Each structure stands twice: as C-alpha cells, then as structure tokens.
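Please look over the notes below alongside the coordinates; they concern one annotated site and one ligand shell.

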Amino acid sequence: MKILDVDQIRQLDQYTILNEPIAPIQLMERASQAFTNWFTARFDSKTAVKVFCGLGNNGGDGLAIARLLIQAEYNVDVFVVRYAPRESDDFAHNHRRLKLLTAPVYIENPGDIPTLRHSDVVIDAILGSGISRPAEGIVRSVIEAINRAPATVVSVDIASGLHANSATEPGEITICPDYTITFEMPKLAMLLPGNAKSVGEWHVVDIGLHQRFIDQSPTPYYYTTRDEARLLLRRRERFSNKGTFGHALLLVGSYGKVGAGVLAARACLRSGVGLLTVQVPRCGYGILQTAVPEVICRPDVHERLLTGPSEVEGPALADYAAVGIGPGIGKAPETARFLREVLTNCRKPAVVDADALNLLAAQRDLMGLLPENSILTPHPKEFERLTQRWQNDYDKLEILRDFAQRKQVIVVLKGAHTAIALPNGDVHFNSTGNPGMSTGGTGDVLTGVLTALLAQGYDPVEAAVLGVFAHGHAGDLAAEQRGETGLIASDVTDSLRWSW
Ligand SMILES: NC(=O)C1=CN([C@@H]2O[C@H](COP(=O)(O)OP(=O)(O)OC[C@H]3O[C@@H](n4cnc5c(N)ncnc54)[C@H](OP(=O)(O)O)[C@@H]3O)[C@@H](O)[C@H]2O)[C@@H](O)CC1
Ligand SMILES: [K+]
C-alpha cells in the first residue's frame, strides 16, 4: 500500500471529487460513516461520547460523526473549539445539520473546557492533516486538558497537532490518543517510533478515494499489507526435492553465543530451505548437532571463534545458494578476517546481521565488499554505528535511504514497523510484529528466515519484504498463544506458518 504525503492526499481528495465524481460534502459523509462504523463496533451505545471539533474539515468530520452517533442513539456532547472566526464550507454545512439535533457547546476560553471522566470517550476532531503551524492558545489548552483527563481518546484521521509527514518540533503539543482511525492509508508519522504516544493503536478505514490517482502518485514509502505479502509467497512445487530449495550456509556463534546459531538454524529450516550447513566454532559442534539434527555441521578449527577453516570438507563458499553471517559471532580480529574473506568470495547477495554489522562499522572498508543486494538487518543502534547520529525519525529515514542507495544494499531497520530500505531508495514499512518480540534472539531468527528465502531463489527485495512480514506474523501468532510478556525467540520460529 502506498503512503502519500499531505499534499498528495489533498490532490487525491480533489481528484476523487472530480473524477468519481462525488460532492465534497458526500466524501466527508463517507469518511465520517467509515469512522462511525469502526466506533460503533468498538464502543456500545451507552458510552458517553464527547466530540471535540475544530473549524476545518477534520472538525467537519467530527460534526458529521456526532450526528451519525446521535442517530444511532449514542449519548453525545459536541464541543466546538472556536479559535478563529473562519470555518471551512463543509464544517459550516455539517454545523447547520447538527444544530437540528443538538446544540454544540462553544469553547473560546479555558473556563469553557468541560471536565472529562474516566468513562467518557473523547472523539478528537480538532485538527486534521491540514495543520500548518503549532497548536496554540485555546487549541493548546483543550489538547492539554484532554491529555490530562482519564478518558479514552479516539482521534479522527490523525491526532490533533501531529504533522502527517514532517517532524513535530520540541515544544509542539499533540493529542495523545488511545486510538487513531485514519482515512484510506496510514500517514508516514504513524509508522515512526518517536510518534508512538501521538498515535496510539491505529487502524485504517477505507473511504474509497480514487485508485487511479493513487496508482499514478510517486512515493518512496510503502506499507506491506497482508494481501501484498501473500502475493509474494511462492507455492512449493509438487515435484520437488531438497535441491529445489537451495543449500544455505549460516556462519554463526562463538563461545557463549552458540544459541544464536541454533536459533538462526532452526528458523532457516522452518522457512523452507532445502539443505542447511551451519559453521560454528568447535565448541558449538555438540550443541548444534543435538539441538538441530537436521543441519550439516561444519565445526571451525577454532575452539571458541569463527575463523574460517574446518576439518570437514564442504562446497566452496560461492557454491552455496545463500549465505547468512552474524548471529553470535563476536568481534574478535580472527572473525573480522574471516568476514573479509566471506565478503570477498561471496558474489551472491548475503544476509549480514548482528556482530557482522558491528565489524562492518569498525572496519568501514569492508562495506565496499558487500555483494550488491545483500540484506543488512541492523537494529537502530547497529545502524547508527554504521552511519551517524540522527536528529529525529525523519532524519533517520533520509540517512537510511541514502545508505541503501549508496551501498546498493537492502537495509532492514528493525523495530516497530520495521523499515526496509531498498537500493532504489524506496522504503517498505512492515505491518506485523509486536512488543513481545523485543527480546534476545528474535533477530537471529530473522537472519535464518531471510537466508532461507534467498536460498530458495526469492529475489532479495521480495525476500526482505516477505521475510520480515512472516517473522512479524509468527511473532503475532506466538503472542496470541502466550501473551507478549512471555514470548521468547524460539516461539517465533515455532509459529512460522507461511500462510495468512
Ligand atoms: N482526503 C481525505 O482523506 C479526506 C479528508 N477529510 C478530512 O479533512 C481533514 C483535512 O482537512 P483540512 O485540510 O481542512 O485540515 P484541518 O486540519 O481540519 O484544518 C486545518 C485548518 O485549520 C487551520 N490551521 C492549521 N494549523 C492550525 C493550528 N495549529 N491551529 C489552528 N488552526 C490551524 C488552517 O487554516 P489557516 O488558519 O492556516 O488558514 C486550516 O484551514 C482530514 O484530516 C480529514 O479529517 C475528510 O473530510 C474527507 C476526505
Ligand atoms: K484529529
């Protein structure tokens, strides 16, 4: 799904009005109805609803929503924050219609702000995507009062005060909602970790904006939906053998961190690889053979470290269908030398994770050896070591896109809504996963998943988008079973389904 910016959404709005065609007020009605459908499915009609409206089209939505809820026999109070003499045409229209049902209360001074109770549900329709400056004066006072109140808060389209696709400057205030119900597509701001409090749990409701305009609009930002991820899945051919699905090599583990290798290996096997060889330091031999009997184990000649040579013969590095390196390998100089050798000899895209990334950061010339379209899977701290500090999430996105383009690699920046930057500068945000996955070893699992997909011949871009989705989906299934708190990395592997 494409993520468009505010200007594009405004044009999309106009395009829909002209080409569907539909009257603006009808489009507002459709959006308000879509919000109301979500709301009535979530909150019953005994709920005390307090709708706060501004004077633009977001406020117009709020007035229409209030009317629809009154008609559905909800107990609704409407407050209009009168911060300016102007109001939008569609606001004025809905204002007239609402006044036939109820009398809104006007808020012009802080003394006009009502007291909100725990049982109240606030609908925040003060400011929408059209904000052009920080919230000040009475708008700020109302936002502060709502944030202080114990009520549940649902924002219409976007939390009031939050910019849809640019940074919120220090000192700016936004509503901190429990939910955001946004129209047609997520806004970029909703995918960035720094905005978590200004977004809450968010849902997209479809309001039927014109698909042709969306298709034609250029954007570097995408959001991977379940259907899109499903389309990437390949069926396993009936007449196949283990050779069909590739022979992968994982280079993992060091003394004390052999478990990282076990996690990556199990995940690789659960992701459909045909055959898997795992090289671990000699101390990991017994552990790996016992924990994962399905793999071919190549013990390193070094007892505790990964250094390269092994007494067990195997194919040359270049003959493996895919190579994954990093989980648990540590940062010893011997291992750094081996990483250099691997990157020099491996001409296919590789998966590079964890300490392999830290070694790249320490010896930046190694980056020049990365095979094109390799998949790097840093968490933010590792990515910062590879690049530089950033000021805010937007700055980080630019650094991410620039890095992927300059190095011609795929960067999977892990976190809530993992951002996958491609060599062409596009960024795909993931839609699956949960906070339970912030626990040791889930990254190792992802390395195994991605290596398996590359070994099966998936294009690296598709492997990254699909693998990250499947990994998060498995985390969501695991969280359903155990809850987020008790979730561990092995649960993610055990929940890998490859159908959704
Ligand atoms: N296409 C869609 O998805 C659809 C969108 N729809 C809805 O429209 C919403 C966008 O509407 P919008 O453009 O009228 O924006 P919104 O934020 O309500 O008002 C902004 C106005 O307030 C002003 N203003 C700006 N900053 C301010 C501030 N800090 N403090 C105070 N005032 C401020 C500014 O006027 P100015 O004073 O700058 O002249 C501007 O005119 C969108 O979020 C969605 O809810 C649906 O109805 C239909 C389909
Ligand atoms: K809002």
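1. In this predicted model, A416 comes out as partly exposed, because 17 other C-beta atoms lie within 10 Å, a count that falls between the limits of 12 or fewer for exposed and 20 or more for buried. A416 sits in the loop between β15 (410-413) and β16 (419-421), and, once its neighbours within four places in sequence are left aside, A416 is in contact with P193 and G433.

2. T418 is likewise found in the loop between β15 and β16, but T418 counts as buried because it has 25 C-beta neighbours inside 10 Å. Leaving aside neighbours within four places in sequence, the contacts of T418 are V412, L413, N430, G433 and V468.

3. Both residues carry an annotation: the unreviewed UniProt entry places the feature "binding site" at K414, G415, A416, H417, T418 and G443. These positions are spread over 30 residues of sequence, yet they cluster in space, with a largest C-alpha distance of 14.4 Å.

4. Turning to the ligand, 31 residues surround ligand 1, and the closest of them are G56, N57, N58, G128 and G130. By class, the shell around ligand 1 is made up of 15 nonpolar, eleven polar and five charged residues.

5. Which helix supplies the largest share of the shell around ligand 1? That share, five residues, comes from α3, while α1 (6-19), α2 (24-42) and α3 (57-71) each supply at least two residues of the shell.

Key: Residues are numbered from 1 along each chain as its sequence is written. Chains are lettered from A and ligands numbered from 1 in the order in which they are written. This is a predicted model: local features need pLDDT of at least 70, side-chain atom pairs count only at pLDDT 80 or more; totals for chains, interfaces and linings use all residues. A residue is near a molecule or strand if its C-beta atom, placed from the backbone, lies within 6 Å of it. Helices (H or I, at least four residues) and strands (E, at least two) are DSSP runs, numbered from the N terminus. Ala, Val, Leu, Ile, Met, Phe, Trp, Tyr, Cys and Pro count as nonpolar, Asp, Glu, Lys and Arg as charged, and the others, Gly among them, as polar. UniProt positions are given in the numbering used here, feature names are shortened, and annotations may be inferred rather than shown by experiment. Two residues are in contact if their C-beta atoms, placed from the backbone, lie within 7 Å.
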